[in-house]
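Trainee: Please take me through one part of this model in detail. I would like to see how a single side chain sits among its neighbours, and then what lies around that.

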Amino acid sequence: MESAGNVKGVELGFLEKPDAKTDLTSAHFPSKVGGKPAWLELQQLPSPEQLACSVCKKPMVLLIQLYAPMRKGPPSYHRTVYVFMCRDRACHQRGGGRQAFKVLRSQLPQKNEFYEFTACEDSDSDLDSNCPEPLGNPSRSQTGGSVRRRESNEDVLKEFREQMASSSPFDVQAFSAKKQTGGVGDEDDSCGVLSSSIDDKMLDSLSFQMLPQQASCDRRLPTLCSVCGARGPKRCGKCKKVAYCSQEHQRHDWRNGHQLFCADIAGGKRAEADVDYVPSRGVLLLEFEVVTEEEPEVVASPAEKSEEEKMEDFYRFARSSSQRKKVAEQAKSEHTTDKSFRAFKKRIAIEPEQVVRYHRSGDPLLVSEEGIPLVSDIPICDCGAARVFEFQVMPQLLYFLKLDTVSSPSIDWGTLLVYTCSNGCNTKSGYVEEFLWKQDFSDSSRKPAK
């Protein structure tokens, strides 16, 4: 048996249901699909405008985030890449679907204001579960030294766990309390308050307003939207406790159950974490942990003919007749058009449940000869460096997220290719936008079986 393909350096991502909710919070630097974002840089979060769909302007939700540090450079000891997606099916139509996604990158140096660190023991045994195993395996392939982890201050981590039922996947007020006041405090009630006239009729007529946030309301760390976990600069106008990123999510939360508890929350009779409904139900994607392993080698029996050899045998046979020659030429054309898709199917058949392929600076696994990005299609980073391929999201993820449907319009992709700055430039603004290319299946191919 001899290797029929070089897959060295490719890491495959698979989905697992998390054992505990805290495993997917910011303090643990997770790689995950769906749910609320586990923000890395906790202060300069993306604005609601940055996370709005370019087509319909509605808030996007987290599709996937991957913890993938580049530990050769000081600014990117911690590094997470996020992919957000619009849930409006109409925005995902063929040809224009790329605008329904956004990619953001965030990174932090080894020493930062949010996380303390301790060294994991250098051992050949399995790593402690609290030591994140980053994609690209930089701890072994780049440094050759011991794997290191970052964990939050134990007091803050304890408050993380106590606050997990709230809207925030990290405890914003815990950090604010530690770094500012010495105690947990709310934002000023006058900050970014939504209109208090928010009964169903007003919601239906869109007659309430989003009031601008006051400059005096700036806090070290922002509050998060109760529904999606994005930056929530506005508050409910009645209880003045629950934060939102947009009218869209305030409307959803009000109808989903907030109207039943708003008065109790306002009067202090009930905490936001104690409400008997889930604000994000129907908005967020199903949440899974992403676990990775190296792609196994692709092997083929020497006695087995390749697809190209089989097709050449057929062409030779077909040349003996003009009619068969015509059929052969048509078959050859179809064979060429579908070549990438057949290679795609063969490659993923080894691990059919893969949802991510990570290979920074490598080559993506394409699903078609059509829609391949040219170098000129991939914009350079704002720092002036070229962008390189980092990872791709596979179509199998649609199945696991229960998004695969035969209805039209639908959310669909052949593969999503993510390109990031080759220099890993510093993200002084907290989060910088990267580039995504959406490749669809060609008309002559079909989706791989789930």
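Mentor: Trp-413 touches Leu-63, Met-85, Phe-101, Val-393, Met-394, Pro-395, Leu-397, Leu-398, Lys-438, Gln-439, Asp-440 and Phe-441, leaving aside residues up to four places away in sequence. Contact here means heavy atoms within 4.5 Å. This is a predicted model, in which local features need pLDDT of at least 70 and side-chain atom pairs count only at pLDDT 80 or more, while totals for chains, interfaces and linings use all residues. Residues are numbered from 1 along each chain as its sequence is written, and side-chain values use heavy atoms, with hydrogens and water left out.

Trp-413 and Leu-63 are the residues with the most contacts inside the largest nonpolar core, which has 69 residues. Such a core is a set of buried Ala, Val, Leu, Ile, Met, Phe, Trp, Tyr and Cys residues joined through side-chain atoms within 4.5 Å; buried means under 20% relative accessible area, with a 1.4 Å probe and protein chains only. Strand S4 (residues 61-67) gives the most to this core, with 6 residues. Strands (E, at least two residues) and helices (H or I, at least four) are DSSP runs, numbered from the N terminus.

Two of the residues that Trp-413 touches, Lys-438 and Asp-440, form a salt bridge with each other, their closest N and O atoms being 2.5 Å apart. A salt bridge is a side-chain nitrogen of Lys or Arg within 4 Å of a carboxyl oxygen of Asp or Glu. Lys-438 counts as buried because its relative accessibility is 9%, and Asp-440 is buried at 18%.

The structure holds 9 salt bridges. In one of them, Glu-287 pairs with Lys-32, the closest N and O atoms being 2.8 Å apart. Glu-287 lies in the loop between helix H5 (247-266) and strand S11 (288-294), and Lys-32 in strand S3 (residues 32-33), so the pair ties together parts that are 255 residues apart in sequence. Both Glu-287 and Lys-32 are buried.

Glu-390 forms a salt bridge with Arg-360, with 3.1 Å between the closest N and O atoms. This pair links distant parts of the chain, 30 residues apart: Glu-390 is in strand S14 (residues 387-393), and Arg-360 is in the loop between strand S13 (356-358) and S14.

Definitions and conventions: Buried < 20%, exposed > 50% of the residue type's maximum accessible area, 1.4 Å probe, protein only.
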